[in-house]
Amino acid sequence: RDTDRSRGLGDVYKRQKQYFNKGVEGMQLTTVQLVSIVITLVLTILPGIYAGRKIKSADDYALGGRSAGIGMVAGSIIGTIVGGAATIGTAQLGFQLGLTAWWFTLGSGIGFIIMGLFYARPLRNSGLMTISEFLVVNFGKKAGPIASLSATAGIFFSIVASMLTSIHLIVGLFHVSLVAVASIIIVIVAALVFFGGINSSGMAGIFKILLVFATVFVGGILSYNDLGGLTGIRESFPAFPWLSFFGKGIEDSLFSLFSMVIGVISTQTYVQALFSAKDSATAAAGCVTAALIVIPVGLPSVMIGMYMHAMHPEINAIDALPFYLCIYLPEWLGGIGIAALLLSSLGSISGLALGIGTMISRDIFNDLFGLRDVKRLLWISRFSVLAVTFGAVIFVFHYLDSLVLHWNYLSMALRGAGIFLPLTFIVFFKGLVQKEAGFAAMIAGIMVACLWPFIFPDSANALFPSLAFNLLFLVPGVLWSLYKNKDRRV
């Protein structure tokens, strides 16, 4: 929310050297680190390009033939959620406020557990491809464009968050221009997902999480020990806000938790991973497996952020994690860690952009315009991924100073405003939700999410008001259905 917005691309270029001047002197990469980065990136990207040889249609691209096992389902989810926000963004907030930064991966993990237990089976058993199609079946054709709009807007801001970390990381490490950064990002995103779709995303996710555990977790343990363990941390940092889950305030922290839970359940990319599973049991198991891996990922990033605040309070907060990996880990391991951060940010962009590409090809060109040519739909999906990535690059150029997790929480709230409760009522009250009530709830939630910050500028959190307006239509609709069914039985 505290954003120093530049007024144009010209200003961005002028501010580039000044902005990244602070703290990057210590992040000069050695030859060993550069070699480690290149080897790691190549080993991760090549399987995705190879997977593209098996892609013959938009369905193969989006769902991998609906044959994914637990590992691939979990990998697809992890490959997207463990991005720049889960690593660099969490360390950034850890540098500023401490333990409260853990809410991102903690909330995500809780959301995936709930999703695996209650949503995975009905979604996978539907045999569909997108959230919009699931809502259309229950609420009518009008619900499709509304769901796609809500989901696309929300996902776009998650891409913005990962894009922000990617730009900071690449410019801070390699000292290249913003145009060069944009080119690098688009090329790597294309290599990660353009050719192989969800199969590429799943394989990259599995490989990426192994790298994160091998580097960021090592750094977190070393940081904890170097700070003197729990005793040393208590001596170095005041209990509030640094050691409190509610360091941002109770309301803000609860918003962070609920927005993550609601957001992950309402996101096309994660639902798409469930649709790709070979059966509903695999979808549920893959989702819970991803949750158990995601939850602890944020803690070492928080610890590294706090350590860097204690040792290097002068650096940019967003540089805390890459700075640590460059300086405090062995050169070869630090290079792998930097590659893991790049893959985290860019892999998340790839997976999220894939979700938007699927909705564009399936919900718009296939369902709305009636396009049936499988090859054309495939290429529409692919080029939509690139178009969304390019658009996010341009958007981020105007918000270089913003807080990464702010965009992610905003993203989750936007997705939830029009999708979460309508989807939830379908799952838990099957056959009882009136079509008109469901459609009205979606419209009301999205309108409140868009208008609330303008009507109540001092209360920027529009998630809970949006959900309240959802309930105003959904609850009476279910009660009316129950009343009618009771009359019929009588």
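Which residues in α4 meet which residues in α15?

Analyst: This is a predicted model, in which local features need pLDDT of at least 70, side-chain atom pairs count only at pLDDT 80 or more, and totals for chains, interfaces and linings use all residues. Residues are numbered from 1 along each chain as its sequence is written, and side-chain values use heavy atoms, with hydrogens and water left out.

From α4, the residues I70, V73, A74, I77, I78 and I81 meet T282, A283, A285, G286, C287, T289, A290, I293 and V294 of α15. Contact here means heavy atoms within 4.5 Å. Helices are DSSP runs of H or I with at least four residues, strands are runs of E with at least two, and both are numbered from the N terminus. An α-helix has 3.6 residues a turn, so residues three or four places apart point the same way.

Two packed helices are described by the angle between their axes and the distance between the axes. Helix α4 covers residues 70-81 and helix α15 covers residues 280-294; their axes lie 8 Å apart at an angle of about 45°. The axes are lines fitted to C-alpha atoms, for helices over the stretch in contact, and the angles run from 0 to 180 degrees between N-to-C directions. The two helices, α4 and α15, are therefore oblique to each other. Angles under 35 degrees count as roughly parallel, over 145 as roughly antiparallel, 65 to 115 as roughly perpendicular, and the rest as oblique. The crossing of α4 and α15 is right-handed, meaning that the near helix is turned clockwise from the far one by less than a right angle.

Helix α15 also holds A284. A284 touches G116, A120 and R121, not counting residues up to four places away in sequence. From A284 to F118 the C-alpha atoms are 8.5 Å apart in space, while the two residues are 166 apart in sequence. A284 counts as buried because its relative accessibility is 7%; buried means under 20% relative accessible area, exposed over 50%, and partly exposed in between, with a 1.4 Å probe and protein chains only.

Helix α14 (residues 268-275) is mostly covered, with eight of its eight residues buried. Among them are Y270, V271, L274 and F275.

Elsewhere, T215 sits in helix α10 (residues 197-226) and is buried, at a relative accessible area of 0%. Its contacts, leaving aside neighbours within four places in sequence, are L325, L329, L333, I336, G337 and A340.

The search of the whole structure finds one salt bridge, between the side chains of E133 and R362 at 2.4 Å, N to O. This pair links distant parts of the chain, E133 in helix α7 (residues 131-139) and R362 in helix α18 (residues 331-368), 229 residues apart. A salt bridge is a side-chain nitrogen of Lys or Arg within 4 Å of a carboxyl oxygen of Asp or Glu. E133 is buried at 7% relative accessible area, whereas R362 is partly exposed at 22%.

For the chain as a whole, there are 22 helices and zero strands, and buried residues make up 61% of the 490 residues. Among contacts between residues at least 6 apart in sequence, 86% join residues at least 24 apart.
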